[in-house]
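Here is a short note to read beside the model. Take the points in order and find each place as you go.

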Amino acid sequence: SLPAELGTLRNLQIIHAKENLLSGTIPAVIGVLPSLTWFDVSNNNITGTIDSSFGLSPSLVDFKVGGNRIHGKIPVQLCLNNKVNEGLTSKYGCDAILCPLGTYSSAGFATSKSECKPCPSRKSSLHLGASECVRITQNQILGMFFDVMGGESWDEGERRGWKTLPNECDWAGVSCDDNGELNTLAFQIRHT
């Protein structure tokens, strides 16, 4: 994973870690590096969201995070930064950062050669910035739900089996009918 200590390297200009089997999240402190111009961690296994600090970066011109497991909203300021990704944000907005759910492009974002295209019928993208569309299973949908809802922080009993047992019908709070189709989903909503 990307170490948060990178955020202490105030003169760091380039982070190019494309296709390195990275996992974990993108530390927010990287977005405030004053000299960072190039950030490419595309095609890894990074999860989570893009911190708003990237939208405020004065020097960022290349931001590539497609091909990961990113979800949530893309910071509006990043989408409005006309210097990012060859200035394509002025033409494509947030699509020049990451293709939205239900769309894809070969790069995972809109380029001058390939816009984000809708997924074909009965297929979708699992995360923002997809380079292909896939048929999504009930298991994958529940796995995304777990990620988006912060399932890793659920009490142990509430997260029992989630994404570790192969049959989602055996996960805590999930009940299925005799055909293995989801009937009910029970989970606790916490107020912070």
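1. Just after α3, G150 has a positive phi of about 70°. Helices here are DSSP runs of H or I with at least four residues, strands are runs of E with at least two, and both are numbered from the N terminus.

2. This is a predicted model, where local features need pLDDT of at least 70, side-chain atom pairs count only at pLDDT 80 or more, and totals for chains, interfaces and linings use all residues. Residues are numbered from 1 along each chain as its sequence is written, and side-chain values use heavy atoms, with hydrogens and water left out.

3. Stay with helix α3, residues 138–148. Its buried residues (under 20% relative accessible area, 1.4 Å probe, protein chains only) are L142, G143 and F146. Seen down the axis of α3, they fall within an arc of 105°, so they line one face of the helix. That arc is taken from the directions from the helix axis to the C-beta atoms.

4. What do the buried residues of α3 pack against? They pack against β9 (174–176) and β10 (182–185). Contact means heavy atoms within 4.5 Å.

5. Now the whole protein. It has three helices and 10 strands. Along the sequence the pattern reads β-β-β-β-β-β-α-α-β-β-α-β-β.

6. The protein has 192 residues, and 41% of them are buried. Of the contacts with a separation of 6 or more, 39% come from residues 24 or more positions apart.

7. The C-alpha atoms fill a box of roughly 55 × 40 × 30 Å, taken along the principal axes.

How values were computed:
Buried < 20%, exposed > 50% of the residue type's maximum accessible area, 1.4 Å probe, protein only.
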